[in-house]
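Open the model in your viewer and keep the selection panel at hand.

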Amino acid sequence: MGSMAAVLDTSAAPAGSAQQRIAPQLPTTARLFHATCAFAVQKLLLPPWIFLRKVKTYIISPGETYPDQIIAYPALKHLPIRIFLPPGYDRTSTKRFPVLLTIHGGGFVLGNPWDNDPWNRAFSSKHGYLVVSLNYSKAPGSPFPKPVYDLEALIQLVLADTTLPIDYDRIAIAGWSAGANLTLAVSQLDTVKLHVKAVVPLYPVVDFVPTQETKCAGRRYKPDLGGFRGKDKDFLLAMSPTFNWAYLNPGTDLHDTLLSPAHAKREALPKNIFMIGCELDMLAPEAWRMICSLAGKRVPREDEVVGRQMTAKEGELITGNDDRYAWEEVIKMDGGARYKWLLVPDQVHGFDQDSIGHMVGNDVKCLKDAKMKTDKMIEIIGGWLDDVMDVDK
């Protein structure tokens, strides 16, 4: 649930159109329907979910992934953040650590910073980073662009916090789904871009212009996998119109680069970007097109399907000799830049989240494959960030 991203409601586009330019004013009945859905999810379904997560954290497996600190800055008390200190951290030492700021997903409507506790703890422990899990206000109460500026304010507070062992020369930002969109948005702001050396968007929504049908046209379907992964419809479709209604005020320019980062110029973004997509995800094609454009590679057509029909070996990532799945371009001009692409084969949106088990049920094969690929992905991301930011281990 915490990893769902926004996808466009096709009612905004005229018949036969593959694009839309502004967020539409929906009919009254549609607005009431989406408002009811958002209320039901936020007020009725989310509280039991939060309760179960707390039971797991405090009773079933206490302390395993819990953060070292939870900080609520006075200026933004309603947006507490979570701090994961690296192994061997000594408060009496002056040692500084590379920083990874992370932003949770949830379609801009759901989600909490603790959704990513297992991932954040694993990354901090594996790579020796200070990981800071950020927060932002949710739609529909806080539609675009409010979350972007919430994050800008929080990042400034984090960087000004002298109690944190921050290496100011080595700061990266990562996010999932809607949170990945926000990483690419907030890192365009001068106050953030000045400090961020690298961005890692994981299965982001990067373009609100194409219609829903266009997005689905480039998604790979693999019925032979069976179970949750073998379905003929993307699970994001169910709530995406509600997420769009909540996040986008009528009349919002869908080409706004803080909303649709795919339309941003290369120089508007940090110079090092590692884009990660999921093969069985309707958002993968737009992420693929964006990173290809940034890297100066051939940009795939909107109807060009990601990946391949053949399934990969269980738990394996395809990291070489196939540009559909992995590549990196190093640009030496204008101060240099690095753009990297990784497509996770045979997996769905949100595969690396703790919530995946609630979505796929007893699909043991999917869960095993997801866990193995999550561990390998964390290893690859950490190694890439170390290299890009010249982290001395």
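Which residues form a nonpolar patch on the surface? Select Phe39, Leu44 and Leu45: together they have about 340 Å² of accessible area. Areas come from the Shrake-Rupley method with a 1.4 Å probe, and for residues only the protein chains shown count as cover. Patch members have over 30% relative accessible area and no salt bridge, with nonpolar side chains (Val, Leu, Ile, Met, Phe, Trp, Tyr) joined within 5 Å. A salt bridge here is a side-chain nitrogen of Lys or Arg within 4 Å of a carboxyl oxygen of Asp or Glu. Phe39 lies in helix α1, residues 28–60.

A word on the model. It is predicted: local features need pLDDT of at least 70, side-chain atom pairs count only at pLDDT 80 or more, and totals for chains, interfaces and linings use all residues. Residues are numbered from 1 along each chain as its sequence is written, and side-chain values use heavy atoms, leaving out hydrogens and water.

Now show the whole chain as a cartoon. The protein chain has 10 helices and 9 strands. These are DSSP runs numbered from the N terminus: helices are H or I with at least four residues, strands E with at least two. The C-alpha trace spans about 65 × 50 × 45 Å along its principal axes. Of the 393 residues, 59% count as buried, meaning under 20% relative accessible area with a 1.4 Å probe, protein chains only.

Next, select residues 198–202, strand β6. All 5 of its 5 residues are buried, so β6 is largely enclosed by the rest of the structure. Ala198, Val200 and Leu202 point one way; Val199 and Pro201 point the other.

Strands pair if DSSP finds at least two bridges between them. Strand β5 (residues 166–176) runs parallel to β6, with 5 bridges. Look for Trp176 opposite Leu202. Strand β7 (residues 272–280) also runs parallel to β6, joined by 2 bridges. There, Ile273 stands opposite Val199.

Move on to Leu385, in helix α10 (residues 364–388). Leu385 has 0% relative accessibility and so counts as buried. Show its contacts (heavy atoms within 4.5 Å). Beyond neighbours within four places in sequence, they include Ala198 and Val200, as well as Leu100, Phe123 and Tyr129. For scale, His34 is 40 Å from Leu385, C-alpha to C-alpha.

Last stop: helix α4, residues 178–186. Is this helix enclosed or exposed? All 9 of its 9 residues are buried, so α4 is largely enclosed by the rest of the structure. Among them are Asn181 and Thr183.

Notes: Buried means under 20% relative accessible area, exposed over 50%, partly exposed in between (1.4 Å probe, protein chains only). Patches are made of residues with over 30% relative accessible area and no salt bridge: like charges are joined within 9 Å, nonpolar side chains (Val, Leu, Ile, Met, Phe, Trp, Tyr) within 5 Å.
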